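Subject: Structure for your review

Dear colleague,

Please find below the structure that I am handing over to you. My notes on it follow.

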Amino acid sequence: MNKYLKIFISIAVSALFLWLAFKEVEFSEVVEASKEMSWGWITPFAVLTLFSHYIRAERWRMLFNDGGVVPHRSTLFTGVMFGYLGNIVFPRLGEITRPIYVARQVGESNSKLIGTIVLERIVDVVSMFVIALLVGIFLVSDVEVLSRLFAVDLTDPQILASILKDLAFYGVIALVIGVGLFFLLRKLSQGSGAFPDFVKKVRETAKSFFVGVLSIRKLKNWPLFVFYTAVIWLAYITMTYIPFWMFDMQGQFDLSYADAVVLTMVSAVGIAIPTPGGVGSYHYFVMYSLFILYAVPEATGLAFATIAHAATVVIVVITSPILLALEKYLSLKRESKE
């Protein structure tokens, strides 16, 4: 698909969710709700945001365990922030810019580092499903509320069976396609000529990629890796909890840290939708969830989502260029000592 068409589609999806979020709400009401917030909570929010990204860089560093070059912590942290900056420009762009930036800094294979990012995402998705399962079991006991939230009748066994059947079906298809492509590439690369040579290059790239994906097998400190993962998610949940205090939601609507866990899971769905920086989808999912689950007025929910999202974007936009410049200086300094 043409890259400009992809950009257009992502912007269109973002615009659609923004329209859905604001169609029943007067913008003046959102502005009014924002005026009542406590701006002092922005500082701890910013500190926690940067801390969570730094811990992500530390966890990523643990995947460089094959005896090759281990990037400096400053390089990895800069790469993480640069990746988030790329996501603001175009959905999922940061998943490519982050590993490529670090690969160029340390002279490593692009495909290998992209493989480590894919591994990270798999770990994050698995963690999210585990937390979501715990949320569904312990924190949201009313199945009817969940049904309204996801617009699916979760009390109907046939619907649940259909959902599980679809998930299994698509999982099997993905597995079959993956195995089929592997054997096809293997077969094609056994001949001679330009085409087999090209396929061999593809195989080498794929091999390097899977070295990154499978780097988790060589982890030397599993407890620390799991600890970093838990810290990252605790930071995300707390980044949802702090804005409660910005808008006095813990007082007006009796929202607790457990409610922040629920909202984090729902907002993760909004972030996963391919829109630039989660614009629109995040706003809609957060506003809708606050209204359905906790009866928070839509204007207040939109103000909450807008401020929280804007603060995150501003932190990334301000911090990333500074870190890139600082990392350039540090890399030159390191080279001069060699």
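Arg98 is a residue of helix H5; helices (H or I, at least four residues) and strands (E, at least two) are DSSP runs, numbered from the N terminus. This is a predicted model, in which local features need pLDDT of at least 70, side-chain atom pairs count only at pLDDT 80 or more, and totals for chains, interfaces and linings use all residues. Residues are numbered from 1 along each chain as its sequence is written, and side-chain values use heavy atoms, with hydrogens and water left out.

Arg98 counts as buried because its relative accessibility is 3%; buried means under 20% relative accessible area, exposed over 50% and partly exposed in between (1.4 Å probe, protein chains only). Its side chain makes a polar contact of 2.9 Å with that of Glu120. A polar contact is a pair of N or O atoms within 3.5 Å; within protein, one must be able to donate a hydrogen and the other to accept it, and residues adjacent in sequence count only if both atoms are side-chain atoms. Beyond neighbours within four places in sequence, the residues in contact with Arg98 (heavy atoms within 4.5 Å) include Arg56, Trp60, Ile117 and Arg121.

**Salt bridges**

The whole structure holds 8 salt bridges, each a side-chain nitrogen of Lys or Arg within 4 Å of a carboxyl oxygen of Asp or Glu. In one of them, the closest N and O atoms of Arg56 and Glu120 are 3.9 Å apart. Arg56 belongs to helix H3 and Glu120 to helix H6 (residues 110-139), so this pair ties together parts 64 residues apart in sequence. Arg56 is buried, at a relative accessible area of 3%, and Glu120 is buried as well, at 1%.

Another salt bridge joins Asp124 and Arg59 (3.0 Å, N to O). It links Asp124 in helix H6 with Arg59 in helix H3, 65 residues apart, and both Asp124 and Arg59 are buried.

Arg121 and Glu95 also form a salt bridge, with the closest N and O atoms 3.3 Å apart. Here Arg121 lies in helix H6 and Glu95 in helix H5, 26 residues apart. Arg121 is partly exposed at 26% relative accessibility, whereas Glu95 is buried at 15%. Through shared partners, salt bridges join Arg56, Arg59, Glu95, Arg98, Glu120, Arg121 and Asp124 into one network.

**The chain as a whole**

The chain has 14 helices and 0 strands, and 41% of its 338 residues are buried.

Yours sincerely
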